[in-house]
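Please find below a colleague's note on the structure.

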Amino acid sequence: PFFESVDTFFYTPGMRTRAAPHVRDSADLKRVMVTVVIALFPCILMAMYNTGLQANLAIEAGAQSLSGWRAWIVEALAAGYVSSNIYHCFVHGAVFYLPVLIVTFVVGLGIEGIFAVVRNEEFNEGFFVSGMLFPLILPATIPLWQVALGIAFGVVIGKEIFGGTGYNILNPALTARAFLFFGYPAEISGDKVWIPAETVDTVSGATPLARTAESGIAALTEEFSWLDAFFGFIPGSMGETSTLACLFGAAVLIITGVGSWRIMASVVVGAIVTSSLLNWIGSETNPQFAIPFWWHFAIGGVAFATTFMATDPVTAPFTRKGQLIYGLLIGMLIILVRVLNPAYPDGLLVAILLMNIFAPLIDHYVAKAHIKKRKARYVG
């Protein structure tokens, strides 16, 4: 399986349909995975740049100092820690992002390889996207052993026990993050600023999203502009902060047909309607009721989840009406959990995993209604 996976990754698949009936399509699994990675590329660049930027700003402010092996790399490649220098920011961010990425692929691919050998099945490219997504939804300060443990849980429990690629009912990357969130909340709960530091306590404080739960949107506008949040120059998970980068990815996925525009559009509609309704209702005790929808899409991971998580073709509904219902409910649940649950300000993880479970049920009733409609038309 390992040899065949390398062979099919760089060349064409060995199995071909040579006799009718068959359908020809140039978009096999490999090409779909590569397309998603291309769509992720701006988020990957922002993961390195913004992580380094936030770390450099903390160094210049005197909030932290470098130590350990990361300090040696940064000093050797980008001495000076000038926050405005793009090269320095990329180098500093890369020493946090790349180890997480490497650990994810070594552990995740290793487990997938073991399952492929034991089952005597083809070692496909299904993990390629999950392995790229998982580091982007993690804080830069997460311990590497937790990265290994999380991706192992996501691959085994979220994917392989269901049969592997194409059979899982839960998004593996989100399953891995959910395990870390509930297992090790201190490192990933979102109540501390995710600024890369050897001593995290020296720069502790509320994240932009968590800050809104305490003081509302006014607490953010004093420090960040909406454009800062839109471009991604704020603390947060490494690859989720830039809405602009996510919009590029959404355009690539929609144009190539890899991602469902119905799911993306319905998530946006559901989030806008729900946040506008909560704005109208208002609350004297919960300042998050007053957050407008354009801020909801600029902070946290709503844009990233809408583009890359909700549109997972395996765990999302297949029917067109089902995709609209699915996305609408995800958008509504994200805002409801974010606003109504102060202990968990970002509700995308709960919303998408919950709707992953209900996706087959949505498809079932949509198909059943369609059959009933066609049957009535035939009888008439």
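1. Glu160 has a relative accessibility of 4% and therefore counts as buried, the cut-off being under 20%. The model is a predicted one, and this assignment should be read accordingly.

2. Glu160 is joined to Arg119 by a salt bridge in which the closest N and O atoms are 2.9 Å apart. Because Glu160 lies in the loop between H6 and H7 while Arg119 belongs to helix H4, the pair ties together parts that are 41 residues apart in sequence. Arg119, at 30% relative accessibility, counts as partly exposed.

3. How many salt bridges does the structure hold? There are 2 salt bridges. Glu112 and Lys159 meet through their side chains in a salt bridge, with an N to O distance of 2.6 Å. Glu112 is located in helix H4 (residues 86-119) and Lys159 in the loop between helix H6 (144-158) and H7, so this pair ties together parts that are 47 residues apart in sequence. Glu112 is buried, with a relative accessible area of 4%, and Lys159 is buried as well, with 3%. In general, side chains of opposite charge can pair when their charged atoms come close.

4. Thr175 is part of helix H7 (residues 172-183) and, with 6% relative accessibility, counts as buried. A polar atom of the Thr175 side chain lies 2.7 Å from the backbone oxygen of Asn171.

5. Is helix H15 (residues 302-309) largely enclosed or exposed? Of its 8 residues, 8 are buried, so the helix is largely enclosed by the rest of the structure. Among the buried residues of H15 are Phe304, Thr306, Phe308 and Met309.

6. Leu244 has its place in helix H12 and counts as partly exposed at 39% relative accessibility.

7. A patch of positive charge is also present on the surface, where Lys321, Lys373, Arg374 and Arg377 gather. Helix H17 (residues 348-379) gives the most to this positive patch, with 3 residues. Lys321 lies in helix H16 (residues 320-340); its relative accessibility is 58%, so Lys321 counts as exposed.

How values were computed:
Residues are numbered from 1 along each chain as its sequence is written. This is a predicted model: local features need pLDDT of at least 70, side-chain atom pairs count only at pLDDT 80 or more; totals for chains, interfaces and linings use all residues. Side-chain values use heavy atoms; hydrogens and water are left out. Patches are made of residues with over 30% relative accessible area and no salt bridge: like charges are joined within 9 Å, nonpolar side chains (Val, Leu, Ile, Met, Phe, Trp, Tyr) within 5 Å. Accessible areas come from the Shrake-Rupley method with a 1.4 Å probe; for residues, only the protein chains shown count as cover. A salt bridge is a side-chain nitrogen of Lys or Arg within 4 Å of a carboxyl oxygen of Asp or Glu. Lys and Arg count as positive and Asp and Glu as negative; His and the chain ends are not counted. The place of a charge is taken as NZ of Lys, CZ of Arg, CG of Asp or CD of Glu. Helices (H or I, at least four residues) and strands (E, at least two) are DSSP runs, numbered from the N terminus. Buried means under 20% relative accessible area, exposed over 50%, partly exposed in between (1.4 Å probe, protein chains only). A polar contact is a pair of N or O atoms within 3.5 Å; within protein, one must be able to donate a hydrogen and the other to accept it, and residues adjacent in sequence count only if both atoms are side-chain atoms.
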